[in-house]
Amino acid sequence: SSIDEWKGYWQSHVISALQGTDDGLRRNVAQYMLHIPFEIETNSLFDMLSSILQDLHPPFSTEKVASLIVVLKVAKDLNLVGQLGSEIECFGGTKKVVCVPPHIFETAVTSSKEAVRIDMLELLCIN
């Protein structure tokens with residue numbers, strides 16, 4: 001479909017930027033860009049979360065954890081996800097659920113990177 005084609009143009013590049021080592025780039029993409037595709041096509045959130053979670057296995061990479069947390073933070077700000085837990089409901093055209101690995105949120109709160117800890121604490125406060 002044309003929506004899938006559209007996602008193909010940007011999704012992998014956005015995920016790469018979010019999973020990079022540059023905290024400033026991650027923050028800028030999250031702040032200025034992520035809301036746009038989520039508002040245009042709410043199922044984009046489910047697809048992006050699924051893609052991020054597909055490669056998220058212990059031991060968790062700091063950058064991959066950071067990407068998950070900023071995507072969830074933007075989605076929570078837009079009221080596109082439900083409560084945080086082992087399963088997170090994504091709202092949109094249809095309700096879909098993503099499964100989150102155990103201890104991922106604890107890993108974020110105790111991360112060696114200050115930016116990841118702050119993002120996770122902000123996510124918990126808006127939850």
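Hi everyone, let's start with two helices: helix 5 (residues 62–77) and helix 7 (residues 114–126) pack at an angle of about 30°, with their axes 9 Å apart. This is a predicted model, where local features need pLDDT of at least 70, side-chain atom pairs count only at pLDDT 80 or more, and totals for chains, interfaces and linings use all residues. Residues are numbered from 1 along each chain as its sequence is written, and side-chain values use heavy atoms, with hydrogens and water left out.

A few words on terms. Helices (H or I, at least four residues) and strands (E, at least two) are DSSP runs, numbered from the N terminus. Axes are lines fitted to C-alpha atoms, for helices over the stretch in contact, with angles from 0 to 180 degrees between N-to-C directions.

How do helix 5 and helix 7 lie relative to each other? They are roughly parallel, since angles under 35 degrees count as roughly parallel, over 145 as roughly antiparallel, 65 to 115 as roughly perpendicular and the rest as oblique. On the helix 5 side, the residues that meet helix 7 include Val 65, Ile 69 and Lys 73; among their partners in helix 7 are Asp 119 and Leu 123. Contact here means heavy atoms within 4.5 Å.

Now look at helix 1 (residues 2–18) and helix 2, whose axes come within 8 Å and cross at roughly 135°. That makes helix 1 oblique to helix 2. Val 14, Ala 17 and Leu 18 of helix 1 touch Leu 25, Arg 26, Val 29 and Ala 30 of helix 2.

Next, the largest pocket, which holds about 160 Å³ of space. On a 1 Å grid over the protein atoms alone, a pocket is an open set of points where a 1.4 Å probe fits, with protein on both sides within 12 Å along at least five of seven lines; lining residues have an atom within 4 Å of a point. Which helix gives the most to this lining? Helix 5 does, with four residues. Among the lining residues are Arg 27, His 35, Val 70 and Asp 119.

Finally, two backbone details. Most residues other than glycine have a negative phi, and most peptide bonds are trans. The bond from Pro 58 to Pro 59 is cis, with omega near -10°, and Pro 59 is found in the loop between helix 4 (43–54) and helix 5. Asn 79 has a positive phi, near 60°, and belongs to the loop between helix 5 and strand 1 (87–90).

Technical notes
Grid points are joined across faces, edges and corners, and a volume is the space filled by probe spheres set on the points.
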